[in-house]
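Subject: Handover of a structure for your review

Dear colleague,

Please find the structure below, together with its sequence.

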Amino acid sequence: VDIEGRITFINPAMARIIGWDTADLLGHRMHSICHHTRTNGQPYPENECPAFLAFHDGIACSSSIDFYWHKDGRMIPVENTITPIREGDKLAGAVVVVSDITNRLQLENETSQHVTEMEMLYESGLALSQLLSPREIGQKIIELLEKKMNWHHTAIRLYHAKTDSLELLAFSQPNIKNEKQHSDVEKHFNNKISKPGDGLSGWVVQNFQIIRNGDISNDPRYKETYPGLNSGLYVPIKMGASIFGVISIESEK
């Protein structure tokens with residue numbers, strides 16, 4: 001880019017990152033085309049843009065993570081390295097090298113998620129090893145699901161083979177403010193799902209299969225326990241070849 005920030009050369013790789021043809025970018029101010037933003041998504045005022053320092057202060061700079069706007073409206077996470085160009089003692093512009101780090105960030109997020117899941121399993125194992133009662137174990141797992149995984153609509157049910165019934169061990173639901181509300185919600189849950197075959201949780205106990213469903217409201221097996229939920233994960237808890245219970249996790253997303 002020249003001293004005014006206009007693009008004087010752009011290679012095809014850079015143009016692909018932001019979704020433009022190279023011919024459409026030449027001569028335009030890079031800042032206005034890319035809408036360069038901070039990590040919080042707020043646009044840089046042009047006099048605070050990292051490239052501005054290279055244009056006017058002659059200082060090379062790099063960014064850990066910034067964002068360019070793609071032509072189709074997506075934000076592309078990038079790393080920038082900006083180096084001033086000099087002609088004699090005068091600044092003539094800058095070279096901007098951009099790396100698309102979408103895949104790297106995705107891998108970092110997946111690694112972080114995996115670590116969180118391993119922490120969840122480890123702490124659940126500690127709860128089990130302390131010989132707590134089933135209800136205490138259920139409540140501990142619910143707390144871990146909320147703390148570690150940010151899941152707020154969860155329930156753990158214990159299966160009693162002798163009576164062929166499901167007992168609600170523990171649950172989590174937002175906006176419960178007192179013991180009476182907690183007791184009312186518990187009764188509501190037990191009325192809705194009390195035996196194998198009731199709802200998606202009961203189906204899982206009956207069939208020993210995991211359900212992962214992104215549209216539970218249209219599943220004929222679903223029984224609504226809280227309004228506005230859209231997706232669910234229902235996992236049987238097994239002990240050897242026998243079913244022990246079920247964990248259900250539901251979400252507005």
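The notes below take the sheets, the helices and a few individual residues in turn.

This is a predicted model, in which local features need pLDDT of at least 70 and side-chain atom pairs count only at pLDDT 80 or more, while totals for chains, interfaces and linings use all residues. Residues are numbered from 1 along each chain as its sequence is written, and side-chain values use heavy atoms, with hydrogens and water left out.

**The five-stranded sheet**

An open sheet is formed by five strands in the order β6-β5-β9-β8-β7, with antiparallel pairing. Because β6 (165-172) and β7 (211-213) stand at the edges with a single partner strand each, one side of each is left without a neighbour in the sheet. On average, neighbouring strands of this sheet are turned by 15° against each other, direction ignored. As to terms, helices (H or I, at least four residues) and strands (E, at least two) are DSSP runs numbered from the N terminus, and two strands pair if DSSP finds at least two bridges between them. Axes are lines fitted to C-alpha atoms, for helices over the stretch in contact, and angles run from 0 to 180 degrees between N-to-C directions.

Within this sheet, β8 (residues 231-239) and β9 (residues 242-251) run antiparallel and are joined by nine bridges. Pro236 has Val246 of β9 as its bridge partner.

Strand β9 also holds Ser248. This serine is buried, with a relative accessible area of 5%; buried means under 20% relative accessible area, exposed over 50%, and partly exposed in between (1.4 Å probe, protein chains only). Leaving aside residues up to four places away in sequence, Ser248 touches His153, Thr154, Ala155, Arg157, Ser201, Leu233 and Tyr234. Contact here means heavy atoms within 4.5 Å.

**Helices across the sheet**

Helix α6 (residues 134-149) lies across β5 (153-160), β6 and β9, and runs at about 40° to β6. Helix α8 (residues 199-207) lies across β5, β6, β7, β8 and β9, at about 150° to β9. The buried residues of α8 are Gly199, Leu200, Ser201, Gly202, Val204 and Val205, and the buried residues of this helix pack against β5, β6, β7, β8 and β9.

Phe208 is partly exposed, with a relative accessible area of 32%. Asp164 also has a positive phi, near 50°, and is a residue other than glycine. Asp164 lies in the loop between β5 and β6 and, at 41% relative accessibility, counts as partly exposed.

Strand β3 (residues 75-87) runs antiparallel to β1 (residues 61-62), to which two bridges join it; Ser62 has Thr81 of β3 as its bridge partner. Strand β2 (residues 66-69) pairs with β3 over four bridges in the antiparallel sense, and the partner of Asp66 in β3 is Val78. These two strands, β2 and β3, form a hairpin with five residues between them, and Gly73 in the turn has a positive phi of about 105°.

On to the next strand, 10 bridges join β3 to β4 (residues 90-100), again in antiparallel fashion. Glu87 stands opposite Lys90 in β4. The hairpin of β3 and β4 has two residues between the strands, and Gly88 takes a positive phi near 70° there.

**Aromatic rings**

The structure holds one aromatic pair. The rings of Phe171 and Phe189 have their centres 5.1 Å apart and their planes at 55°, so the pair is tilted. By definition, rings of Phe, Tyr and Trp (its six-membered ring) pair if their centres lie within 6.5 Å; planes under 30 degrees apart count as stacked, over 60 as edge-to-face and the rest as tilted. Since Phe171 lies in β6 and Phe189 in helix α7 (residues 179-192), the pair ties together parts that are 18 residues apart in sequence. Both Phe171 and Phe189 are buried.

Lys71 lies over the face of Trp20, at 4.6 Å from the ring centre. The charged end of Arg221 sits over the ring of Trp203, 4.6 Å from its centre. A charge sits over a ring if NZ of Lys or CZ of Arg is within 6 Å of the ring centre and within 35 degrees of the ring normal.

With kind regards
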